[in-house]
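Here's a quick look at a few spots in this predicted model. Have the structure open as you read.

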Amino acid sequence: MVAAENGALKGAKVGGMADVIRDLPQALAGVGIQADVIMPSYGFLTAQGAKQIGEFDVSFAGRHELIKLYWLAHPLVPGANIYLLEHGLWQSIPGQIYSQGTKDRPFADDATKFAFLCVSVAKALVTGLVPMPQLLHLHDWHTGCLAMLRALAPEYQALQAIECVFSIHNLALQGIRPLGHDASSFAAWFPSLFAHLDVTQLADIIDPRYPHCINPMRMGIRLADRVHLVSPTYAKEVLLPSQPERGFFGGEGLEADLQHKADQGRVLGILNGCDYPQALTKKSFKRMGLAEFTALLSDIESALVQWQATQSQVRGVDMIAFTRLQALWRQASLEAFPAFLLTSVGRLTDQKVLILRHILPSGLSVLETLLLQLQQTQPNALFVLLGSGDPEIGQFFQTLAAKYAHFVFLQGYHEALSQCLYQYGDLLLMPSSFEPCGISQMLAMRSGQPCLVHGVGGLQDTVEDGVDGFVFYGEDIKSQGEALLAKLAEALEKFDSSDWTQLKRKAKARRFDWRSIALDYKKQLYNIL
């Protein structure tokens, strides 16, 4: 497996893909497949017990670069290996392995370093420094150039002897860069290859919307043997063109390529899985009490203090959260706690919160309308939202957090706090405009917390309306926002009833276990019968 992230190593996780790269090798081992992982060291992963096993020379961007190769026994899978590639171009700090880029040169730094990763992996494999696998599994746009090198570069044609599959975790991020005339461009990275490509070969790598740009995501789709989407519903959605004005996000310009692959029977939708630790699944669920409330407040306090350690000044968003926290501690001192806890955990991106930010005909956003609805129907409710990402979206939430005392916005990521929200929340809100798979809803359901979700992608495949959660739909973003509010009203009406107890029980009983999913990988994606 070639990937940019890996949750099995400390500091190498940013998003949900890292969870898959952590969990999937364990599950595959259970069905007789050894899955090794190769990725950049980012300048800090080698400190986790890796040892150098070699070095090699790579031609990239007109220069010869020296790569150090490290090996690490997989910390979770006996007998499996993790290979780490070390070079200054991949230097990062833990938890921040991607570059933000700029509006005028999006993906510039990341596209260069991941193109470099791809050629380095190709060289390590064809020279035998890393044993040639039976199958090459590439993950997301970061690895698209490896599918391209395998198909088009003569020096790496030995890779054509093995199968290649390409997993798409998020089609919205494609790594698009110019074909030439830029330091971060195809011609700059691979000048010799670029000079020899014919029109047909170029057609496989350029972006269908921008003919002067290359698209690494498209390279993976066009040039891998099979393409995998991380849920059955998402695998169907991406075959249709996106209609953002209607609030629908599908193929994002690559729908024709995906449809062509699907016509050949080479597009598969296999859901991601979730771990079910015995200690957690055996826990009986119960309503939040004072002890649970104080545990939640302690985790919020810990998160805020930890975030301040990296700041030279107190952020306004943290100051607002500290103020809300003090009021909640006073509430706890009086042995009072929220009657209803609404939770949300995720990245601050338009993918996740576009619907919440939409302005309704009333002049208020969907989120502000939701907060007023909570205030009226559950006066003692609390909404805690944990997430980080887009600064503009963060400012939107910060403004409402200052206005409404029952809304606590925590801008950052904190593992213990997220687990606490999954465990003690009454209802998880996940109104994504599109969701390839989603993990938050699985983690909440695992703890017996029903979810209120938009019926798209993996959310539709994991939450059943009225059975173990609530699902809303809508023909456009306005109707989606209104449907969300209507479903929340339905949930609040059922809350604390026998119906609600049944919802919780059904949510906790759902299983998306990695073992059965690994069997699907083995038979369908890897075609190992």
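Thr143 is buried, since its relative accessible area is 0%, and the cut-off for buried is under 20%. You'll find Thr143 in the loop that links strand 5 (135-139) to helix 3 (144-152). A polar atom of the Thr143 side chain sits 2.9 Å from the backbone oxygen of Asp140. Once neighbours within four places in sequence are set aside, Thr143 touches Val2, Ala3, Cys118, Leu138 and Phe166.

Now for a helix pair. Helix 14 (residues 366-377) and helix 15 (residues 391-403) have axes that come within 11 Å and cross at roughly 25°. That angle makes helix 14 roughly parallel to helix 15, because anything under 35 degrees counts that way. The crossing of helix 14 past helix 15 is right-handed. Here's who makes the contact:

| Helix | Residues in the contact |
|---|---|
| Helix 14 | Leu367, Glu368 and Leu371 |
| Helix 15 | Phe396, Phe397, Leu400 and Lys403 |

By type, the residues where helix 14 meets helix 15 split into five nonpolar and two charged, with no polar ones.

Last stop, helix 16. Which residues of helix 16 (residues 415-424) are buried? They are Leu417, Ser418, Cys420, Leu421 and Tyr422. And what covers these buried residues of helix 16? The cover includes two helices, helix 11 (290-308) and helix 17 (440-446). Strands contribute too, including strand 11 (340-345), strand 12 (381-387), strand 13 (407-411) and strand 14 (427-430).

How values were computed
Residues numbered from 1 in each chain as written. Predicted model: local features only at pLDDT ≥ 70, side-chain atom pairs only at ≥ 80, totals over all residues. Heavy atoms only, no water. Helix = DSSP H or I, 4+ residues; strand = E, 2+ residues; numbered from the N terminus. Buried < 20%, exposed > 50% of the residue type's maximum accessible area, 1.4 Å probe, protein only. Polar contact = N/O pair within 3.5 Å; in protein donor to acceptor, adjacent residues only side chain to side chain. Contact = heavy atoms within 4.5 Å. Axes fitted to C-alpha atoms, helices over the stretch in contact; angles between N-to-C directions. Parallel < 35°, antiparallel > 145°, perpendicular 65-115°, else oblique. Left-handed = near helix turned anticlockwise from the far one by under 90°. Nonpolar A, V, L, I, M, F, W, Y, C, P; charged D, E, K, R; others polar.
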